[in-house]
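Let's take a walk through a protein chain together. Keep the sequence and the 3D view side by side as you read.

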Amino acid sequence: MNVVRTLLSAGFCLLLAACSTTGTTTAVPPPVDGAMPTDYLIGVDDIVQVSVWRQPELGITVPVRPDGMISAPLVGDVRAGGLTPEAVAKDIEEKLTVYVRDPQVSVMLTDLRSHEYLSRVRVTGAVKQPISIPYRQGMTVLDAVLAAGGVTEFAAPARSDLYRKAGDGTRSFGVRLDLILNQGDLSTNFDVAPGDVITVPERLM
């Protein structure tokens with residue numbers, strides 16, 4: 001009997017280990033980090049601000065052209081698309097050395113237009129208006145669902161899910177939207193993150 005119990009216990013532990021590495025459902029999503037990643041790559045239509053220390057006349061604020069280039073004073077066209085702000089600043093510094101002694105350049109993103117779709121939250125399924133809305137810091141599942149007009153009469157809100165990219169895959173987190181909407185139980189009213197998808201299935205007929 002002890003041997004059976006040991007085998008059952010070992011099997012259960014292995015099952016838990018498998019779920020933790022390949023499973024798609026986890027009770028609570030990780031905290032949302034609202035900071036922009038440091039390796040953000042500039043894209044077409046992003047607005048960049050170039051500043052040169054002690055050379056204000058060389059500063060510009062321009063959008064990235066469809067060819068991925070920006071035009072800077074003295075140096076002309078500089079590639080920005082697909083590069084980090086730090087890489088663009090270094091390139092401009094190197095080109096400016098012909099005209100300015102020891103130039104110190106900084107490049108800042110003032111409007112993230114090209115990657116805006118990555119920073120959206122989507123609500124699909126049995127909601128009145130499936131939507132894709134810009135992510136805002138502090139946004140929750142309820143905020144997103146209300147922006148979609150709420151659930152329809154055919155919805156099964158108790159089986160709702162929040163999907164989030166994690167590594168090379170996607171994890172899902174069960175959302176008791178029925179308790180959130182009808183009882184004010186906010187235990188699964190998770191904070192959403194950029195790129196999250198909330199699905200509300202239809203009830204089985």
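First, a word of caution: what you're looking at is a predicted model. The chain has 205 residues, and 36% of them count as buried. If you're wondering what "buried" means here, it's a relative accessible area under 20%.

Now trace the chain from its start.

Time to zoom in. Look for an open sheet of five strands, laid out in the order 7-6-10-8-9. The pairing in this sheet is mixed. In general, strands of a sheet pair through backbone hydrogen bonds, and the pairing can be parallel or antiparallel.

Which strands sit at the edges of this sheet? They're strand 7 (131-134) and strand 9 (169-175), and each of them pairs on one side only. Going from one strand to the next, you'll find a twist that averages 20 degrees.

Finally, check out how strand 9 is held by its partner. Strand 8, residues 160-166, runs antiparallel to strand 9, and seven bridges join the two. To spot the pairing in your viewer, find alanine 166, which stands opposite glycine 169 in strand 9.

Methods. Residues numbered from 1 in each chain as written. Predicted model: local features only at pLDDT ≥ 70, side-chain atom pairs only at ≥ 80, totals over all residues. Heavy atoms only, no water. Buried < 20%, exposed > 50% of the residue type's maximum accessible area, 1.4 Å probe, protein only. Pairing = 2+ DSSP bridges. Helix = DSSP H or I, 4+ residues; strand = E, 2+ residues; numbered from the N terminus. Axes fitted to C-alpha atoms, helices over the stretch in contact; angles between N-to-C directions.
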